[in-house]
Amino acid sequence: MRQRITIIFIVLSALISVKAKADAWAVKSNLLYDVAGAPNLGIEYGWKGHWSLAADMTMPWYVDDQNEWCYEMLNVGVEARYWLKDWQADNKLHGHFLGLYGNGGCFDFGHDRMGWQSKWFTAVGVSYGYNFRLSQHLRLECNIGIGYLNTDYTRYNTYDDNSGIYFVEDGNYSWFGPTKAGVSLLWVF
């Protein structure tokens with residue numbers, strides 16, 4: 001937990017130092033991930049009225065007391081965005097955008113005596129989104145990304161007494177299609 005808090009403070013400190021150089025910057029959270037129990041934090045800063053760079057991190061890390069299930073994932077992503085409409089002084093990070101994104105991380109999903117682990121997964125793709133202006137500083141962003149995802153994984157089972165796991169097989173999984181979706185709440189500075 002301390003590491004998460006430290007990372008958040010480092011990211012926010014970096015944002016504050018960038019504020020003077022950027023035309024706009026925002027802190028955000030993907031509400032879809034929040035509903036799925038996956039805490040996340042995103043930042044975005046823009047310049048020159050048409051460009052922004054977004055970064056986000058998702059990190060649910062749950063294991064029950066009896067080791068019967070786990071939901072652990074680290075996902076870090078970046079996205080370069082081109083805004084179709086130039087910003088106005090009071091209307092930053094608003095409207096339609098197109099993006100190129102990449103993200104990666106690791107996971108361990110287990111339930112009912114079996115699970116899947118990865119050391120690393122990657123996804124790259126293109127995205128489209130729209131930011132609705134709710135107030136001067138508040139935005140609601142909806143986006144979707146289509147791309148390619150690849151991961152090596154290990155499937156495992158747990159011993160009957162849940163004292164540990166044993167590995168069953170290794171594999172590789174690839175997917176082309178939707179690899180990103182979001183309904184995010186943004187606070188624009």
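The lining of the largest cavity comprises six nonpolar, 13 polar and six charged residues, where Ala, Val, Leu, Ile, Met, Phe, Trp, Tyr, Cys and Pro count as nonpolar, Asp, Glu, Lys and Arg as charged, and the others, Gly among them, as polar. The model is predicted, so that local features require pLDDT of at least 70 and side-chain atom pairs pLDDT 80 or more, whereas totals for chains, interfaces and linings use all residues. Residues are numbered from 1 along each chain as its sequence is written, and side-chain values use heavy atoms, without hydrogens and water.

The largest cavity has a volume of about 260 Å³. A cavity is a set of points on a 1 Å grid over the protein atoms alone where a 1.4 Å probe fits but cannot get out; a pocket is an open set with protein on both sides within 12 Å along at least five of seven lines, and lining residues have an atom within 4 Å of a point. Grid points are joined across faces, edges and corners, and the volume is the space filled by probe spheres set on them. Of the 25 residues lining the largest cavity, N30, Y33, D56, N143 and K180 lie nearest its centre.

The largest pocket has a volume of about 380 Å³. Its lining has 18 residues, with M73, F107, F109, F121 and L149 closest to the centre. By class, 13 residues of this lining are nonpolar, five are polar and none is charged. Strand β9 supplies four residues, the largest share of the pocket lining; strands are DSSP runs (E, at least two residues), numbered from the N terminus.
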